[in-house]
Amino acid sequence: MSSTRKALPVLFLVMFLVMLGFGIVIPVLPLYARELGASSLTLGWLMATYSFMNLLFSPIWGNISDRMGRKPVMLIGLFGFGIAYVAFGLATELWQLFVSRILAGALSAAAMPTAMAYVADITTEETRGKGMGMIGAAAGLGFIFGPAIGGSLSKWGYDKPFLFAGMLAALTFIVASIVLKESLPKEKRQSPGKKTSRWSAFRGSLAYLYIMSFVVSFSLAGLESTFAFYAVDKLHMTSVQLGYVFVVMGVVGAFIQGGLIGKLIKRFGEDRVIQIGLLVSAIGFLLIVRVTDMVTGAIFLAVFGAGNGMIRPSVSALISKRTTFGQGNALGLLGSLDSLGRIAGPPVGGLLYAKGMTLPYYSGAIMSIVALLLLFYFQKLVQTSEDSSV
């Protein structure tokens, strides 16, 4: 449909921007915070603040979008996102960095689950996986290019990357205001007087999918937070080489989500694609302990990236098809659990790495199998429910 063709590129831009802003922070935030007097411990809290606010606010904004509509909530997120990043760039005191990161985390949470709920509104069950894949690809590409842009712009001052992200948010806000139409008709919205718990979608068979998503995010965060140490300690890679390795992983994941996932889901179904993704991810984790140089590092991380790229859009599509508690609420909760995994994964990964440098990757493979078992429990409950209704 024509409205879908117009909306998806704008949604792609929205998700790209959100993750671009997140990625821009990575090479610049430590130096900027140190310049304003942050210790390593303070920096850790500053980094965790964004994800923690996403954890709290993703289901809240998703719930609000089920009652108010998608477009106003998304615009609130974009506007606040831009203000937060400009404030970060203009900060002169450490406490101001915390305020801006709190604001950015709380308001970017309005954009991400709402964009996925928008996709669920404008796609059919057959095309939903492809739509979710496009959103996932946009997020992946934003995370790839963000650090490169942040590093380049920082040559003119640590504030420049954040001011640039703020300007991009303003541009996207204008485009979204003009191009996007409301995707949730008034007759399909939840009643304003009806209060819905943010955890209402976390029940029945879908609870297994939510827990599975947390496990996947947890293991991914453990890899992302330790592989740099692993590559330097074991292979003596430079930061430039390490950047290339992560770019290859990100490009492969984005290609899977943006190009192949729709075809894979159409042929095999979401359940089977998630199974394949989890198995490939487990293999990728085990291959990482066999890395011998930059080339094998890029190849093995690409294997992991391919598996991981199959999982998230398939899970999002499956939840959106089966939830009965509103797309915004259901997908907001998914974003919340993803954030929880990103909060918990790095410290656990770091603790395991301190015990043995390969432990985060062996444990990641084990977690992938645990996630596979959770998927089987989900499938069993669904099958039992369908059999009893016949």
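The expected span of a helix is 1.5 Å times one less than its number of residues. Keep that rule at hand for the first stop; note also that this is a predicted model.

**Stop 1: helix H11**

Select residues 327-355, which make up helix H11. With 29 residues at 1.5 Å a residue, H11 should span 42 Å, and its end C-alpha atoms are 42 Å apart, so the two values agree. Now pick Gly345, where H11 bends by about 30°. A proline, Pro346, follows within four residues of that point.

**Stop 2: the cores**

Next, select Leu11 and Met212. These two have the most contacts inside the largest nonpolar core, which has 71 residues. Helix H1 (residues 2-35) supplies the largest share of this core, 15 residues.

Go back to Met212 and show its surroundings. Leaving out residues up to four places away in sequence, Met212 touches Ile274, Leu278, Val315, Ala371, Leu374 and Leu375.

**Stop 3: aromatic pairs**

How many aromatic pairs are there? The count comes to nine. Two of the pairs are visited here.

Select Tyr208 and Tyr377. Their ring centres are 5.7 Å apart and their planes stand at 20°. Planes under 30 degrees apart count as stacked, so this pair is stacked. Tyr208 lies in helix H7 (residues 206-235) and Tyr377 in helix H12 (residues 359-389), so the pair ties together parts that are 169 residues apart in sequence. Are these two tyrosines buried, exposed or partly exposed? Tyr208 counts as partly exposed at 27% relative accessibility, and Tyr377 is partly exposed too, with a relative accessible area of 47%.

Then select Phe285 and Phe304. The ring centres of Phe285 and Phe304 lie 4.7 Å apart with the planes at 65°. Because planes over 60 degrees apart count as edge-to-face, that is the label for this pair. Phe285 belongs to helix H9 (residues 270-288) and Phe304 to helix H10 (residues 294-322), so the pair ties together parts 19 residues apart in sequence. Phe285 counts as buried, at 0% relative accessibility. Phe304 is buried as well, with a relative accessible area of 1%.

**Stop 4: an aromatic cluster**

Finish by selecting Phe81, Tyr85, Phe88 and Phe162. Together these four residues form one aromatic cluster.

Conventions. Residues are numbered from 1 along each chain as its sequence is written. This is a predicted model: local features need pLDDT of at least 70, side-chain atom pairs count only at pLDDT 80 or more; totals for chains, interfaces and linings use all residues. Side-chain values use heavy atoms; hydrogens and water are left out. A nonpolar core is a set of buried Ala, Val, Leu, Ile, Met, Phe, Trp, Tyr and Cys residues joined through side-chain atoms within 4.5 Å. Buried means under 20% relative accessible area, exposed over 50%, partly exposed in between (1.4 Å probe, protein chains only). Helices (H or I, at least four residues) and strands (E, at least two) are DSSP runs, numbered from the N terminus. Contact means heavy atoms within 4.5 Å. The bend at a residue is the angle between axes fitted to the seven residues ending there and the seven starting there. Rings of Phe, Tyr and Trp (its six-membered ring) pair if their centres lie within 6.5 Å; planes under 30 degrees apart count as stacked, over 60 as edge-to-face and the rest as tilted.
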